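Thanks for coming. I will go through one structure today, starting with the overall picture and then moving to individual residues.

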Amino acid sequence: MNTNLRKLLWLFERRRREGELADELAFHLAEETKERGYDAARRELGNVALIKEDTRAMWGWAWIEQLLQDVRYAARTMRKNPAFTVLATLSLALGIGANTAIYSFMDAVIVRWLPVRDPRSLALLQWHSKSRTEESVVQGVSGHFDDDPKLGRVGGIFPYPAFEELRKSTKVFSALFVYHPSRKLTVMIGGEAEVAGGEYVSGDYFRGLGVTPEAGRLIVAEDDRVGTDVVVLSSGFALRRFGDVARAPGQKIYLNNLPFRVAGVTPPGFYGVDSGSAPEFYLPLHADMSLEPRDGGTLAQGRYLDRQYYWMEMMGRLRPGVTIKEAQGQLAPLFENWVASTAENDAQRSDLPKFLLSEGARGGDRMRRNYEEPLVTLMIMVALILAIACANIANLLLARSTARRREIAVRLSIGARRGRVIRQLLTESVLLASMGGAAGVLVAYWSVPLLRAMLASGTSFVMRAELNWHVLAATGVLTIITGVLFGLAPALQATRVDVMPVLKESRTAEPRVRRLPVSLSQTLIIAQIAISLVLVAAAGLFVRTLSKLQSLDVGFTRDNVLVFKLNAKQAGHRRGELPSFYREIQHRLSAIPGVISVAEADSPLIGDGAWGWAVVPVGKPKPEHAPTGHGSFGGWENTHVLQADSHFFSTMKIPLIAGRGFDERDRVGSTPVAIVNEAWVKANLAGRNPVGDHVVNFGMDDKPVEMEVVGVAKNAMYNRIEENFPATVYLPLDQNLGAPADEMTFLLRTAGDPLKYARSVREIVHDADVRVPVTDLASQEQRIEQHIGDEILFARLSAGFAMLALSIACVGLYGTMSYMVARRTGEIGIRMALGVPRGRVVWMILRQVAILAAVGLAIGLPMAYAASRLVGSLLFGIKPGDPASIVIAVATMLIAVIAAAYAPAYRASRIDPLIALRSE
Amino acid sequence: MNRKLDLLQGTLDLLILRTLLPGPAHGHAIAKHIQRTSEELLQVETGSLYPALHRLEANGWVEANWDVSDKGKRARYYKLTREGRKQLSSERSKWDAFARAMGLILATNERP
């Protein structure tokens, strides 16, 4: 045991040791008394208090006692300057609070490990290939890939046969498992239907992750077969639907009208392997054969055999002692040989996916890829705010330390070492920082749930941000660093005094102003102005991005439209009866007073992806790589397809610029027709009027059908909001020219607030069939806001942060200038006595600030410009160096700086020369 | 006549450690032993003894335990630890070297 540790332990039993020491000395006295009598013994013993004090010093508590002394002294000093203390604590609380809040999101998204056994031995399987090659072995996809600047296209999805191939290598993994998210399924429990998403998992999923059930049992390898009826619920879902997780096992539930039996419940903290997802239930992999028999055009059996269809996410647990690198070395040839065997031609062979094994402790990386950049940007912003707050307090401390020069000179002159005085001053600043940090944790405690709620409405990801010990430890460290940071420079400066002249000064006299070109305090102000400019400019860019997004012409009218979806097929209706069921509901909805029109379509316009396949003018070849299916594919010139009924164009107010809309003529059996939009005409016919032309619709399953173009619609957004309108072909719902519309989207144009009609809608659907739940019910405006939710939040946060930075900087400037004016009272008095007009005095002070501001802005401008380029990918519709944003930022800064300095300047001009001179 | 000697700086630790070599003892006994063995030439001040004992304890060279003394009273007994033994031998060789050096210089008649 080492000395310091022993001393630390003694610290905890201090009281006992005190008693022991007293006993020990009493024993000594008693022994001595026996030998020489009490008086002699007492004399020999001497000053007992001193002995105790000296002995105690050996216990090593001197430094703690000094610390306590310093803290007490610091507390006294702080109490004497309540305004300073409150101001400093407040600005630190905001700075540290913002840092803690944003860091808790960083922690949730980027840092935190999966809540499973030994997450460090998990490995995530991925592949990468050159980006954007058209011809590839990756022919069909259900899932996502990302573009990585270094690796090219990175995918975490594999064909099922690849999993079977990799599973053969048992030396590397103790368990290898696959999983993929389910579609939203209709879950019926005890007569109550809702729509929820889950995860299909292979048999080794739970064993591999090392998850123990909260109740019942989890999915095992034997469950994974066609026709299985095993389902495992998340604890949240079980709690919500059964009131108690223990009651869930054994219960019968219906998924898409098929019976399943609950086998067990996962533990409360478990959320699968993607920190952004929240599966409500887990199903054996092959349950999707019955629940999702087709995925777009592919049949379930087909997808399991297809060697070019990428859809399974894969993860493995490494055997003890096997490193990621070794595993990569063993598996890469295995996968790459297999993938080479799936290539069908040379073009595909030229860009084969390369195997990529990475650590899986933090789970899937989709959310990381999505949010890393915005979060890092926000983190930098809040760090800068804290820097401004630190500069502020450093400046106020500097001002105060000038006032405390005498006190410090006295301490130094009576023998305090410089280090001791610096320690005292640093104790003060760290104490101040700790108060700020504690208040900051409160700020974060309130703001994290708020931010989480704001984020939850805008994204499909689940943010698990919270103030855990991890985050609080980081805040603690940050607080201490902060305290030292803003305390050190003033402390060094304050103790670097020539003792004699200071002591000789009279108490009220001005300390001699040092003639340096720029003082530390001025440097700090310049830095604050420069940093604030960067933040204000960044906020300007994000706010302008948002306003561009919000004011963008989407091509349809967004107000007074209610949107919701129904899926009667999943609730048990046969495909043949769907049209009449939906038609009946449409009739009843139209009868609601205040509903102007009701349209049906096979997809909402924004935020739900889009249908798409090749539709080309007769005689033109089918494009080689037209995206086919449902998804969020990019490229405006790729044909997007929407099946809609005859009310669609009038309900969404999409004008037709040529030809006619859909009507009763467009039925099964009549001539197939289509309406195209301007973008499609531009992409396929170079702008020629196509009404009456014939086009070929290749459809989902590549069976060409000839159609007549009967109308041209004005451009409208579909799938997402972006800069270009997508080329779109509208097909009449009744002619069944696209994918079967199992799920129907209803669009209601209403008089007044569309959400007022939500209840009537639910009642009507409930009356029609209890088993069919109303899903995604929202106004069209809400849908769009949800779609750009990240951008809205980001713009609001950055604007808020910029305002915070600006106000902290202004408060600091105000404080420093006030102090400076107070210090120059005598000088200004003399000037005014000599006849300098008041206006000149105001100008004299303002000029000083203006020079500092000019220097600060000159330094900040290039910084702001460089920073705007770094966040370029987060902008929409404006260029990184957007002049308007930067000009506005500069103007804002100037106004704020002058406003902050005006009050002290005005006060300077109100100085009464007589009073000022008398006080000298 | 004052025959008592002042302790040289740093020698008290060595004296205490050496005194504890045969076995544990309490503070008073240590002081008396040093006094007696040095033929009353060295007197350990109580004011230095106890801080020194606690310092040795903090360094881990001695351990302290409450025990009943031979006169039936509870006393704090100090005992040499293994590290204390090591410390004693190193202090002791330092002292021997120092004493030898002093002796050499004091005994010489050579001119510088």
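**Overview and selected residues**

Of the 920 residues in chain A, 51% are buried. Keep in mind throughout that this is a predicted model. Chain A contains 29 helices and 32 strands. Its C-alpha trace spans about 120 × 85 × 60 Å along the principal axes.

Leu5(A), Leu8(A), Leu9(A) and Phe12(A) make a nonpolar surface patch of about 420 Å². Phe12(A) sits in helix α1, which covers residues 3-12 of chain A. With a relative accessible area of 68%, Phe12(A) is exposed.

There is also a charged patch. Arg72(A), Arg76(A), Arg79(A) and Lys80(A) form a positive surface patch. Take Arg76(A) from that group: its place is in helix α5, residues 62-80 of chain A. Is Arg76(A) buried, exposed or partly exposed? Arg76(A) has a relative accessible area of 45%, so it is partly exposed.

Next, the salt bridges. As a general point, side chains of opposite charge can pair when their charged atoms come close. Over all chains, a search of the whole structure finds 41 salt bridges. I will show a few of them.

One is the pair Lys168(A) and Glu165(A), where the closest N and O atoms are 3.1 Å apart. Lys168(A) is exposed, at a relative accessible area of 62%.

Another joins the side chains of Lys565(A) and Asp776(A), at 3.1 Å from N to O. Lys565(A) belongs to strand β20, residues 561-567 of chain A, and Asp776(A) to strand β32 of chain A, so this pair ties together parts that are 211 residues apart in sequence. How do the two partners stand in terms of burial? Lys565(A) is buried, with a relative accessible area of 6%, while Asp776(A) is partly exposed, at 40%. The cut-off for buried is under 20% relative accessible area.

While we are at Asp776(A), its backbone deserves a look. Asp776(A) is not a glycine, yet it has a positive phi of about 50°. The strand that holds Asp776(A), β32, covers residues 775-779 of chain A.

Lys653(A) is also not a glycine, and has a positive phi of about 55°. Where is Lys653(A) found? Lys653(A) is in the loop between α21 (648-652) and β26 (656-659) of chain A. At 48% relative accessibility, Lys653(A) counts as partly exposed.

Back to the salt bridges, for another pair. Arg583(A) forms a salt bridge with Asp734(A), and the closest N and O atoms are 3.2 Å apart. This pair links distant parts of the chain, 151 residues apart: Arg583(A) is in helix α20 (residues 578-590) of chain A, and Asp734(A) is in the loop between β30 (728-732) and β31 (743-750) of chain A. Arg583(A) counts as partly exposed at 31% relative accessibility. Asp734(A) counts as partly exposed too, at 32%.

Now to two residues in loops. Gln308(A) has its place in the loop between α11 (300-305) and β17 (309-310) of chain A. At 8% relative accessibility, Gln308(A) counts as buried. What does the side chain of Gln308(A) reach at 2.8 Å? The side chain of Gln308(A) reaches the backbone oxygen of Thr342(A) at that distance. The side chain of Gln308(A) also makes a polar contact with the side chain of Gln348(A), at 3.2 Å.

The other loop residue is Phe270(A), found between β13 (258-265) and β14 (281-284) of chain A. Phe270(A) counts as buried, with 7% relative accessibility. Phe270(A) and Gly236(A) are 34 residues apart in sequence, and their C-alpha atoms are 9.9 Å apart in space.

Key: Residues numbered from 1 in each chain as written. Chains lettered and ligands numbered in written order. Predicted model: local features only at pLDDT ≥ 70, side-chain atom pairs only at ≥ 80, totals over all residues. Heavy atoms only, no water. Patch = residues over 30% accessible without salt bridge, like charges linked within 9 Å, V, L, I, M, F, W, Y side chains within 5 Å. Areas by Shrake-Rupley, 256 points an atom, 1.4 Å probe, with all protein chains shown as cover. Salt bridge = Lys/Arg side-chain N within 4 Å of Asp/Glu carboxyl O. Lys, Arg positive; Asp, Glu negative; His and termini not counted. Charge placed at Lys NZ, Arg CZ, Asp CG, Glu CD. Helix = DSSP H or I, 4+ residues; strand = E, 2+ residues; numbered from the N terminus. Buried < 20%, exposed > 50% of the residue type's maximum accessible area, 1.4 Å probe, protein only. Polar contact = N/O pair within 3.5 Å; in protein donor to acceptor, adjacent residues only side chain to side chain.
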